[in-house]
Amino acid sequence: MTFHKNTRLSRRLVMSALVCGTLAQFAGCATTDSAPANLQTVASRDPQLGTFVKLTQQAGLGDLLTGAGPVTVFAPTDEAFRALPAATLDKLGKDPEALKAVLKHHAVAGATTRAALNADTTTVTTLAGTKLVLAKAGDFVTVDEALVTQADVTASNGVLHVIDRVLTPPKK
């Protein structure tokens, strides 16, 4: 009887060890990809940035999010795009150059983090050649009239900041 009991106990220990080893192996596999994703992947993973990602692709600016960088992107949420008048969004959808200009107005060369903003306000030049005013007050950061709702999302080729408004470039 004792032999049979010990055999069952031994089998359980062996099975437990096998299960633990297998789980550890799978856990190790899941963590081997330590390289950060690029801006395209980071933005695509965020469900509130679907419109931004779609419009970037539609405008042929995929290289903005996948290029070597570094680049800082101020990405408006889907809600921010919904707040635009429907006619404005429709017009941008039909005018690729205007869409590119608006989207490039949301990006600057280099990696700009919240911590890097030392002054109360900083003016930066966008990839569209326009200007944006970045302001910092305590933990709050604004980009022109937009509030940064999620700051410093790092990627392999830059930094992404989620904002609550679509920024419009100045009229030429």
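Me: Leaving aside neighbours within four places in sequence, which residues is Leu 39 in contact with?
Reply: This is a predicted model. In it, Leu 39 is in contact with Leu 64, Leu 65, Val 71, Val 73, Ala 155, Asn 157, Gly 158, Val 159 and Leu 160.

Me: And which residues touch the most other members of the largest nonpolar core?
Reply: Leu 39 is one of them, along with Phe 52, Val 73, Leu 103 and Leu 160. That core has 28 residues.

Me: Which elements give two or more residues to this core?
Reply: The helices are α2 (39-45), α3 (50-58), α4 (62-66), α5 (78-82) and α7 (96-104). The strands are β1 (71-76), β6 (146-155) and β7 (158-163).

Me: What does the second, separate core include?
Reply: Phe 74, Val 124, Leu 132 and Val 141 are among its 12 residues.

Me: Zooming out. How many helices and strands are in the chain?
Reply: 7 helices and 7 strands. Along the sequence they run α-α-α-α-β-α-α-α-β-β-β-β-β-β. Buried residues make up 33% of the 172 residues.

Me: Backbone next. Where is the cis peptide bond?
Reply: It joins Gly 69 and Pro 70, with omega about 5°. Pro 70 sits in the loop between α4 and β1.

Notes: Residues are numbered from 1 along each chain as its sequence is written. This is a predicted model: local features need pLDDT of at least 70, side-chain atom pairs count only at pLDDT 80 or more; totals for chains, interfaces and linings use all residues. Side-chain values use heavy atoms; hydrogens and water are left out. A nonpolar core is a set of buried Ala, Val, Leu, Ile, Met, Phe, Trp, Tyr and Cys residues joined through side-chain atoms within 4.5 Å. Buried means under 20% relative accessible area, exposed over 50%, partly exposed in between (1.4 Å probe, protein chains only). Helices (H or I, at least four residues) and strands (E, at least two) are DSSP runs, numbered from the N terminus. Contact means heavy atoms within 4.5 Å.
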